[in-house]
Amino acid sequence: MDRIKIEQTDITGLKVDAIVNAANKSLLGGGGVDGAIHRAAGPGLLEECKALNGCNTGEAKITGAYKLPSQKVIHTVGPVWNGGNNKEEELLADAYKNSLQLALKDNIETIAFPNISTGVYGFPKEKAARIAIHEVQSFLEKHPEIKSVTFAVFDEENLNIYKELLVLC
Ligand code: AR6
């Protein structure tokens with residue numbers, strides 16, 4: 001599907017309508033991509049996040065993007081991988097679905113996702129990629145308003161997984 005792109009890049013540099021943050025339930029920053037987004041956006045982002053009262057796993061909230069080149073940041077919380085029998089797959093799918101739903105509501109046309117839960121949260125990368133691609137594809141089929149979804153992959157392993165899986169689509 002030509003509305004899905006892969007880019008090996010730091011997501012904070014992308015000039016899309018919204019970038020998605022792989023946050024934690026506090027929404028008050030952390031390491032990984034979350035830390036990078038807060039550092040690049042500047043303190044205004046944390047101030048706005050403080051007023052959101054956190055976010056449950058699988059849900060999503062939206063803020064401004066401050067010093068980032070994107071217009072908005074959608075913060076979602078992926079599941080911590082805990083063996084696979086704790087609704088991890090369902091919750092990861094929800095994180096993608098709810099982020100896209102929020103984007104649609106906010107008239108966002110171009111959006112970029114990091115590989116949610118595949119860093120500190122330990123979700124197996126290929127399993128996560130299959131879920132991410134499936135959710136994005138089904139959403140795009142239903143919603144032509146969204147013009148493009150970029151998978152901003154950071155590490156080589158995820159890059160190879162996404163390249164391989166997207167060729168099959
Ligand atoms: N741009 C794009 N992707 C990145 C970047 C970046 N600048 N930095 C890291 N990644 P992680 P999680 C990739 O750990 O597993 C935070 O502390 C990274 O290679 O950021 O959902 C939060 O506050 C990996 O593939 O997020 C939470 O506590 C992917 O982003 C916790 O980590 C996700 O890795 C969330 O864990």
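A pocket, on a 1 Å grid over the protein atoms alone, is an open set of points where a 1.4 Å probe fits, with protein on both sides within 12 Å along at least five of seven lines; its lining residues have an atom within 4 Å of a point. This is a predicted model: local features need pLDDT of at least 70, side-chain atom pairs count only at pLDDT 80 or more, and totals for chains, interfaces and linings use all residues. Residues are numbered from 1 along each chain as its sequence is written, and side-chain values use heavy atoms, with hydrogens and water left out.

**The pocket**

The largest pocket has 26 lining residues. Ala22, Gly32, Val33, Asp34 and Gly119 lie nearest its centre. Its volume is about 540 Å³, taken as the space filled by probe spheres set on grid points joined across faces, edges and corners. Helix H1 gives the most to this lining, four residues. Strand S2 (18-23) and H1 each supply at least two. Helices (H or I, at least four residues) and strands (E, at least two) are DSSP runs, numbered from the N terminus.

**The ligand**

The ligand takes up the space of the largest pocket; the test is that more than half of its atoms lie within 2 Å of the grid points. Around the ligand are 22 residues, each with a heavy atom within 4 Å of it. The closest are Asn24, Gly31, Val33, Asp34 and Ser117. H1 (residues 32-41) supplies the largest share of this shell, four residues. The shell divides into eight nonpolar, 11 polar and three charged residues. Gly counts as polar, and Asp, Glu, Lys and Arg as charged.

Taken alone, the ligand exposes 700 Å², and the protein buries 90% of that. These areas come from the Shrake-Rupley method with a 1.4 Å probe.
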